Structure formats: C-alpha cells, structure tokens
Amino acid sequence: MLGAAPGGAVRAEPMDFNLPAQTADRALLAFSQQAKTEVLFSSEDLRQVRSNEVLGKFEPEVALHRLLTDTGFVPRRNGRGKFVITPAARPTAPNPPRPLAPPPAAAAASDPVKLAPLVVEGRPDQPQSVDRGAAALGVRRAAGNLDLVRTEDGALPYTVFDRARLARSGVVNLNEFLERELLDNDAAARSPEQDASQNRLFAGSTNLSLRGYSADETIVLVNGRRLPEMLTSGSDAKNAPDVNLIPLSLVQQIEVLPSSASALYSGNPVGGVINIVLRPDADANATEVTTTYTNALRGFDASQSTVSLLHGRALLGGALRVRCNLNLTRNMPATEAELRFHRKHDRPPATLDTPIFRATPNIRSADGTPLFGAGTAAVTSVAPGADGAGGIAAFTARQGVRNLDFFKAPGGLAVSPDSVDNPYGRRQQRTTWFGSVVYDLTPWLQLGCDASHARTVVNRGYDVLTADLALAADAPRNPFRQEVRVSLNEVAAALGENYSEARMEFSSAVFGIMVRLPAEWRVSLDGQYAHNVTRYRGLARADGERWQQLVDSGRYQPLRDTQVHGPPAEFYDQVLVYRAGRGRFATLGDYNTLDAAIRATNSSLPLPTGRGILNFGGDYRRNRLEDCTDERRYADGTLADEPATWAGRTLQRYSAFGELQAPLLPTAWLPRWLPRIETDLAVRYVASDSARESNVSPTYGLKADLAGGFTVRGSFTTSNRFPTPHMSRLVLAPPSGDLGVDATKITDPVRREEYYVQDNMELQPDLLTEAAVTQTAGVVFRRGVTHRVRLAVDFLDTRKVNELVFLGPQSVMNLEALLPERVVRAPLAPGDNHRAGVVTAVRTGTTNLAWRRSQSWNTSVDYVWSECRGGTLELFGRLLYFPRYDLQTLPNSPVVDELRRPDGAASKLLKYRANFGASWSNQVVGFGMDGRYYHSRVLPEGEWSAQGHRTIDPFWQLDVYVQSDLARWLPWQSRRFGLRGQVRVNHVLGDNFPRYANEESGAGVQPYGDWRGRTIALSLTAIF
C-alpha cells in the first residue's frame, strides 16, 4: 500500500504526532497524513498487527520506529527516500511492553519484498474501505482539543465511540446517537425534538442524565471546552447544553466517562462527562457531502433529514488551513392520527357531569335535569358540520350522545392530547454554519479560530384552547330553554398553524494561540465566547371571563362544530392573550458565556519513573443571563396580566488544575509478571465570588498491566456543587388565573385521575451545598492478533449528600406525602367522595435530598477476526447493571430502594440495559446488526393502579444495515472521488412499545428509541 502526500519528500525536522494505538495499517495511514510522506506496506500483513502509541514531537523516522517497535515489522528508506515497511529479520512477539525509545538497531532492515501497491492519498475518510475505522485524532493545534488523549484502556473507565460507529448509526443528529448508544443515560427520557409531553419551549439535551443523576450533572464538552447551555427563558430550569448544535459531519469521536471527574473538568460531573472531539483534518484538500434521510415504514410521513457540505483547503504551502461546513437538518414528528396512541388507551369519563373536550362541543344540563323533556337524556353533543343555527331540531338524533371522537384541527399539527393532530415531538428546522482557520505564523507560533452559528426554528402547530362555558336559559341561541354547560375545543385558525413559533440563534467563536517550546512543551491560550437568544411568538392563554362575556352577549356561538366554523373576530381581539402582543416576538432568553483557558502541556516529559504526560493551567468562566420581562397582552396592546419580571444574573468561576499521567515505578524495578504501572493524578481548585463557591477536587487513577494481557485499574474522585442552579430570579410574578396553553398534565395518585394543573416554579434561597465521592475498580483483558479479544468490567460507587435535584410536576405529585406544601388542592366539592380535592397547582423547583448512593457494573466485550473470508468480523456487547440505588429524600424520611420500590424522586431507572451487535466488512461492502435490550422498570406505588401492574415490561430492539463502496459502479473511475452508501432498517422486529399508563404525554406507552417504530435510514457520502 502506498500513502501519498503533496511533494512526497520526507522532512527531517521534528513534527507533532498524535497516533493512538490501533491496527498497524490504520496507524501507517495516519502517519502518512501527519508526516506528509509516502509509505509502502502490505495491507494484509499489517492489518493483523497492533501498533504502539506515538504522542509528541519527533522526527518522522523516529516516530515511525516508535510506531512499529516490537510489532515484527521495521521501516527502511528506498532509493527515492520513501519509507518501506518490511518484516523484521527475527520476528518478535506482538505487543509486549513497549520501551520509551526505539532500540538503536531498529534502523537496520531487510530488503523490501515485492508488494501489490494501492495508491491512497492522505485525506480524511477516503472511502476505500467500509472497514476503515477511526482515523487518528491528529496533531494538537491552536483552538483544537484541550483535553489529553483518552482511551478505553486508561486508568479512568472511558468509553470511546469512533467515527465509524457514528457513520453507520444512520442518525440525523448527535442527541439521537447518544440516546441509542449510552447505556448510562435515562432510557425513558425524550429529546426535545421528540418530546410529546413538553408544550413549553426549551432546547438542550435534557435526556443525557447519566447513571440516574440529573441532566445538569452531566458535563458536555466540545474539544475539552464546556458546550454552553441553552437558556430559552428566565424561568427555565432545564438549562442543559444542546449537543445537536454540533453537526455529525464534524465529529471525530465521542469520549464518555461515566464517573465524577471534577478535577479534570470543572463543574459538577457527578453523573459523567461527554467530550465531543471534532475532526482534526483541517488541512485536508477535500470536499465531502453527506446526506441522511429517515422515515417510518408504517405508511405515514414523519421524516427526518440532514445534508452536510464540508470543504477543507490548505493554502500558503500548507501554513494556512481552512475548513467550512454547512449543515441543514429538518424534523417532522409523527402525529396521533398516525400512531393512535391516545385513542388506543382512551377511556370515556365515568359520570355524565364530567366535561368532555373532543371533536365537537359536548353539552350537559347545569343541574342534571333532562334536556329534551321528562325521561330524556341530560347530555348531548353538536352534530359534525353544524353551524349552531339549527335550533332544537339539530339535536333530535343526538339525545344522550356524547362526542368522544378526537378533535381535528384545520392544519397539520395541533397541540392537544385530545386531537388527532397532536404531534409526538416538534417540527424543527436547523441551519448550522461552521468555519475553522489554522495558521502557522512561525515554526513555533500557531494561531487558530473556530466559529459557528446555528439558527433553529421550532413550530408545534395550533394551540388548542379548551373551555367549559355556561349558556344561560334565556340566551337567544339556546334551544334547550334551560341553563347548560358546553365543553369545547377551539383553535385560532385565522392566526395560522405556524403562529406559535420559536426562533433560537446560537453563535460561538473560539480563538487560540499555541506556542511550541523546547523539550516538547506546548503552551496554549484559548478563549471562547458564545451567545444564544431565544425569541417566541405565540399565545399565552384565553381569558375565561371575557370568553364567557362573549357567550352571554351572543357574540360567540358555542353550539357549532369548532372544527369547521372558526370563532368570530371579537375572539381574537378580546379573548386571546398573546405573548408580548399579537404578531410580535418576545425575547425570552438572552444568554452569553465567556470561557478562557491557559494550559501548558508536555506529552513526553522525562521523569525518574519514565516518560509521562503533564497538563496544567487555569480556567475562567463567566455566565450572564440578561433581564427578561414576560408580558401578556390582548390584541389591542393592553396588558392582560401584571408582567412577570425575571432579573438576570452573572456567575463567574475561576479554577486552577493539573493532571499528570506517568509510570508509577520504573520498568526495571518491576517483576516480569508486572510490566507497567501507570497513574493518572489530577487536582483542581475552584472559586467563585458570585456563588459562594470554593473547593478542591482531586482525582486519582491507577492502572497496572499484568502478564497475559490483563490490566487492573481503579480511581477515586470527588465533586462539589454549590446551590446556583438557576440563572435568574423572579422579581414580580403575575397573578394565577386561567390555565394557559402550557398547563401541565399530571396523574393524581390520591384521586386516581389525570388532569391539567398550573406549574409554578419556585426558587429556594436556603439550599445547601452538595458533595459527592465516586470510586471505580475494573479489569481489562486484551489478547490476540488475527483473533482479537477485549473484555472490560468496571464497578462504580457514588455517594452524595445534600443533592440538588429539580422536582417536576409528576415528581411533586408522587412525593406529596413528604412534601405536602408543594401541592395546592381545592376544597372537596359537595358530593365528591375522594379523600382530597383536585390539585390546582404544583410548586416545582430545586430542593436538597438528604443523600443518595448508587452502585453499577459496566461490562463490555469485543471480538475482532481480521481474516474472516476476506474481510473483518466484529462482535460486541455492552451491559449496564445496577445492584443498588438507595435514596433518602429528607433526613427523617425512610430510605427508599429506587430499583425495587421507587418513590419517584430518582430518575426512571432500569436495573439492566444492554447493547450488542455484529458486523462483517471488507474493502467494498459491509453489513451487520445492532440490538438493544431494556429491562423492566418498577413503578412507584401510586402508579400501580393505573398501570394494572407494578412494572413496565422489558423491551427488545433490533436494527440491521448494509453499506457499500458505490464508486466502483460509476461509469468513470477516479481515485480522487469516493462514494459510500448505507441502508439501515431500525426496529425490524416491529414490536409495540410496552404499556405505560402514566407516560407524561398521555400516550399510554413507554417509547424506547423512536416514536415512529420501524424506520428506514438512507445515507450517502461523496468525497472529491
């Protein structure tokens, strides 16, 4: 195989190399890219060998010797100055403990053997082989990855998802990939674009709550820097970052640490850390176009699609490298008309005096007397298509008939669980621009800049307004001649389906300077500024008192089919309450962050015990949320309520840190059965003058390589978080009145009913500081060349006190016995046989839990057969198991086993969860399958009655795919053009989701994965 680079000459001066241990053929391709030179080698022979890790600054020839030391192969130069890889004269055993430098005799080599060369340019992701795998992470650069290189075999139990896994997943956004692949995340939570229960506007990956902890306890990084949160309103407690701001085409790999690591990453990563590493190949002269389209295979249209254009260019003789990317994403959710979840689980009300809001208005007498004379029914409903002018004759055939059909809005989406147009998610469009520039000003000084801008538009369809109106006996259009109650759904059709619209603008820029110093030192200075603004146009509510006045004055006819006949103009002018005013966009969130970091790094630091890696420096972070006033106005501009004023806040944090990765003892001191002991030691000091914060967080990891391919490892980490989860405080609140369009549906365990309540978030000023300790221990086994096996088992134990946790509406209802002050109930009505009245409001917000302790086992198995019928066979399995998850809500409350008898205070935990898969691929074609298993989930006791059981059933999902190099089928052949395609069918079993009566959207099922069920994903990538 021949690796080619511009010019082809071998440069003798030292260069930066970043070559992780991997198969030797892939390592040599990466070496060819980074060294800008050509290498001749046999792909078949080198595919069976594992290379050594090479990190740091070396002359190319020295780096190549390090890469191949003790692999059985050596490099030599041919007559044209190019490198040729040949078998060593005396082969050595593969992968023994590698020395810190190549032996002096390594330069000698035998004569080259005759090869069957294949020309490969040093360009990113050239699609010659489906089995290409992850490319090297590249040389550290200005504005590049601030973090050290992380591997799955280090002292800390990282999980690494490479670009090959990402490419074959067939997803259109990054959140969907993490939702599938991360066993540690909340399997039951939905991402915002598929959250059918969330009427409010918010963004952010709120489903990335690792190991049962909340989403804000997972730190999300991009190239080692905090991904800024998305604050979409001053009252929004879900201020999580949005990973979908990162286009899939830019991601090289994803590093996940399911453990606390405050010393490595500032913040409160008790749940874990997700570091998204961007592709480093900014100097590649190539253009890449990638498109993915997914849709349901059930005869309806609920498509998701993305198109990405990526271009890179090297200028000024390679000193200037530029890259730009444009990414377009579209999402159309499935609806109730297509999925029929609500209608499958719909239950008619038990009593005739219960309001029913459905297709046409339902009518009942005010006092239960017959509507059509003695002995007749006390209920009826409006006939489909009726305009309200037919008098009593229009109801002759509908005596005693209540309309239980679902409401049909005049457009495509209508937000109501009683509508056939209810969306299981949100219609969303996102455009993202990205640009990167790296400039070598001098051989020792490099400048870099990455900038991005994203614009997201979200529509949720018509807002469906409900009302239970009184029609007086003497009303001109009352044919019943007695007072009746009319329950109806209404939409503001004249405003259009897309009137309720959110526009989110996110911009970010990273500027970096890197100085190369003698002795392989690097000093980098980075600054990141990010700004997001959220604007919203929509309805706040309908004024119930004014609505009733229109009925009383005869200007609103409630006895009509509201699906067909729209409301009068007075309804828009006098009843509807608009956010900021009719037709206006209100600014709900104006949030910016500023991060700065200075780091000194040495990837080959000479120590008494051997060569190590040192990284130390300081960070500064400032978050600022501007003041926000939430105004509700009528169409004429007059205020409907007192404005809700939210005061903004500025938080500043400073930290100093250091991390050392090094051998603990010299190799010469160790016995033969213990070739190497390494340590990962880190400490961080954090302080804040705006949040009463000051703490020291250490992290210590230890790894010992044993004979026979075994490695044992363990770690100890701490984390602290001060009570600053909110970026704003409510200065002036509006009075509580009618339920707005964003009312929250809850299940009342006391009354065993479902209905809507007002969600009032409260800030708690007397919160305590939380603290956590996490310990891990694990064993890793790696062995084989042609047949490679890797097995890893890790145990994690976390203990927390004074945990800060956000209690949502349903959590408050489940914990009413412990927190009665958070539930507001109306007095019992006369004749009501329940123990308590209906809930009118719940007070949500952040509170302290007494303590929590979790224990989990993470197991992974990988098998690779590199010579399976001319290709590579890969098998993998991942298992997460929780043996213990205990929680005490209050100091005087009982300890709750959240796995076996949960109370709703913890995240929705599965005792077991597993991923598995198999694939085979060669140079031109590949196929495989991926599977997922979700164990049964035990429900809180208050949900047993509605569920009819104490658990949600387990669930299996299976995906299959086939991918191929399509360029060989083209009528022209060019080594500069590549084309790769993939067809994937997800959830091929097609089983229905398990039943969950209290699912927050009211769907009655527990969706794992995609609401759409069985789907197809088509992907195509062209490189030229």
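Select Trp 669. At 64% relative accessibility, Trp 669 counts as exposed. Exposed means over 50% relative accessible area, buried means under 20%, and partly exposed lies in between (1.4 Å probe, protein chains only). Trp 669 is found in the loop between β32 (649–663) and β33 (676–688). Helices (H or I, at least four residues) and strands (E, at least two) are DSSP runs, numbered from the N terminus.

Together with Trp 669 they form a nonpolar patch on the surface, with about 650 Å² of accessible area. Patches are made of residues with over 30% relative accessible area and no salt bridge; like charges are joined within 9 Å, nonpolar side chains (Val, Leu, Ile, Met, Phe, Trp, Tyr) within 5 Å. Accessible areas come from the Shrake-Rupley method with a 1.4 Å probe, and for residues only the protein chains shown count as cover.

A note on what you are viewing. This is a predicted model: local features need pLDDT of at least 70, side-chain atom pairs count only at pLDDT 80 or more, and totals for chains, interfaces and linings use all residues. Residues are numbered from 1 along each chain as its sequence is written, and side-chain values use heavy atoms, with hydrogens and water left out.

Zoom out to the whole protein. Its secondary structure comes to 11 helices and 51 strands. Buried residues make up 58% of the 1024 residues. The accessible surface comes to about 39,600 Å², and 57% of that belongs to carbon and sulfur atoms.

Next, the salt bridges. The structure holds 56 of them. A salt bridge is a side-chain nitrogen of Lys or Arg within 4 Å of a carboxyl oxygen of Asp or Glu.

Select Arg 621 and Glu 229. They form a salt bridge, the closest N and O atoms being 3.2 Å apart. Arg 621 lies in strand β28 (residues 610–625) and Glu 229 in the loop between β10 and β11, so the pair ties together parts that are 392 residues apart in sequence. Both Arg 621 and Glu 229 are buried.

Move to Arg 455 and Glu 505. Their side chains meet in a salt bridge (2.9 Å, N to O). Arg 455 lies in strand β20 (residues 445–459) and Glu 505 in strand β23 (residues 501–517), so this pair links parts that are 50 residues apart in sequence. Arg 455 is partly exposed at 33% relative accessibility. Glu 505 is partly exposed too, with a relative accessible area of 21%.

Then pick Glu 490 and Arg 560. This salt bridge has its closest N and O atoms 2.5 Å apart. Is the pair buried or exposed? Glu 490 is buried, and so is Arg 560.

For a network, select Arg 168, Asp 930, Arg 932, Asp 959 and Arg 984. Salt bridges that share partners join these residues into one network.

Last stop: a sheet. Five strands form an open sheet in the order β8-β11-β12-β9-β10, with mixed pairing. Two strands pair if DSSP finds at least two bridges between them. The edge strands are β8 (159–162) and β10 (225–226), and each pairs on one side only. Select residues 251–257 and 272–278. These are β11 and β12, which pair in the antiparallel sense over six bridges. Leu 257 stands opposite Val 273 in β12.
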